[in-house]
Amino acid sequence: MSTVTESVDVDVPIRTAYNQWTQFEEFPRFMEGVQEIRQLDPTHTHWKTEIAGVKREFDAEITEQLPDERVAWRSTEGEKQAGVVTFHRLDDTHTRVTVQMDFDPQGFVENAGDKLGVVDRRVKGDMKRFKEFIEGRGGIESGAWRGQVDRPGA
């Protein structure tokens with residue numbers, strides 16, 4: 001497994017940053033290589049990606065969600081990955097968003113890309129684009145889901 005961690009400070013309140021992040025179907029607007037995400041129900045999504053010419057589809061499950069704090073997920077089929085995004089209030093109008101993702105590169109191309117830091121650069125770019133996306137909306141999120149998903153076994 002490989003791990004990537006990236007943070008970005010956004011010029012919006014924590015509630016706005018969190019609310020936007022819960023709008024999974026908007027991810028293709030700022031995540032390179034993500035073609036489509038369908039929200040199947042409050043805790044399940046279906047992803048279509050194309051990265052370096054490799055097309056993949058997989059399902060993911062939200063394993064924990066605490067409003068204005070964190071969203072954690074794991075894939076349930078297809079490529080193996082898991083992660084968490086956390087939201088840290090810097091002040092009334094600024095938030096630090098941090099993503100930590102664990103993934104299992106498959107095949108020569110993905111393993112080579114991982115060793116060359118391609119995934120790190122992609123996630124860094126995605127976070128920069130998230131900042132531009134939410135700030136470019138005038139600090140107004142496109143929607144929100146404020147429900148809570150308790151961590152398994154909690």
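**Close-up views of a predicted model**

View 1. At 7% relative accessibility, F24 counts as buried. Buried means under 20% relative accessible area, exposed means over 50%, and partly exposed lies in between (1.4 Å probe, protein chains only). The model is predicted: local features need pLDDT of at least 70, side-chain atom pairs count only at pLDDT 80 or more, and totals for chains, interfaces and linings use all residues. Residues are numbered from 1 along each chain as its sequence is written, and side-chain values use heavy atoms, with hydrogens and water left out.

F24 belongs to one aromatic cluster, together with W21, F27, F30, W47, F58, F130 and F133. The structure holds 10 aromatic pairs. Rings of Phe, Tyr and Trp (its six-membered ring) pair if their centres lie within 6.5 Å; planes under 30 degrees apart count as stacked, over 60 as edge-to-face, and the rest as tilted. The ring centres of W21 and F30 are 5.9 Å apart and their planes meet at 45°, so this pair is tilted. The ring centres of F24 and F27 are 5.4 Å apart with planes at 70°, so that pair is edge-to-face. F27 is buried, at a relative accessible area of 3%. F30 is also counted as buried, at 1% relative accessibility.

View 2. W21 is found in helix α1. Helices (H or I, at least four residues) and strands (E, at least two) are DSSP runs, numbered from the N terminus. W21 is buried, with a relative accessible area of 4%. Leaving out residues up to four places away in sequence, W21 touches F27, F30, M31, V85, F87, V99, M127 and F130. Contact here means heavy atoms within 4.5 Å. W21 and A144 are 123 residues apart in sequence, yet 8.2 Å apart in space, C-alpha to C-alpha.

**View 3. Helix α1 against the strands.** Helix α1 covers residues 14-21. It lies across β1, β4 (54-66), β5 (70-75), β6 and β7, and runs at about 160° to β6. Axes are lines fitted to C-alpha atoms, for helices over the stretch in contact, and angles run from 0 to 180 degrees between N-to-C directions. Of the 8 residues of α1, 7 are buried, so the helix is largely enclosed by the rest of the structure. The buried residues are I14, T16, A17, Y18, N19, Q20 and W21.

**View 4. The open sheet.** In this sheet, 7 strands run in the order β1-β7-β6-β5-β4-β3-β2, with antiparallel pairing. β1 (2-10) and β2 (34-41) stand at the edges with a single partner strand each, so one side of each lacks a neighbour in the sheet. The twist averages 20° from one strand to the next. Two strands pair if DSSP finds at least two bridges between them.

**View 5. Two hairpins that share β6.** β5 and β6 pair in the antiparallel sense over 5 bridges. R70 has T86 in β6 as its bridge partner. The β5-β6 hairpin has 5 residues between its strands, and G78 in the turn has a positive phi of about 75°. A second hairpin joins β6 to β7 through 2 residues. Strands β6 (residues 81-91) and β7 (residues 94-103) run antiparallel and are joined by 10 bridges. A82 is partnered with D102 in β7, and R89 stands opposite T95.

**View 6. The nonpolar core.** The largest nonpolar core has 32 residues. Those with the most contacts inside it are V10, W21, F27, W47, F87 and V97. β1, α1, β2, β4, β5, β6, β7 and α3 each supply at least two residues of this core. α3 gives the most, with 5 residues. A nonpolar core is a set of buried Ala, Val, Leu, Ile, Met, Phe, Trp, Tyr and Cys residues joined through side-chain atoms within 4.5 Å. In soluble globular proteins, nonpolar side chains tend to be buried together.

**View 7. R121 on helix α3.** R121 sits in helix α3 (residues 118-136). R121 is exposed, with a relative accessible area of 53%. R121 and V4 are 117 residues apart in sequence and 9.5 Å apart in space, C-alpha to C-alpha.

View 8. Q148 lies in the segment after α3. Leaving aside neighbours within four places in sequence, Q148 is in contact with Q65, L66 and P67. Q148 and L66 are 82 residues apart in sequence, but 5.3 Å apart in space, C-alpha to C-alpha. The side chains of Q148 and D150 are joined by a polar contact of 2.8 Å. A polar contact is a pair of N or O atoms within 3.5 Å; within protein, one must be able to donate a hydrogen and the other to accept it, and residues adjacent in sequence count only if both atoms are side-chain atoms.
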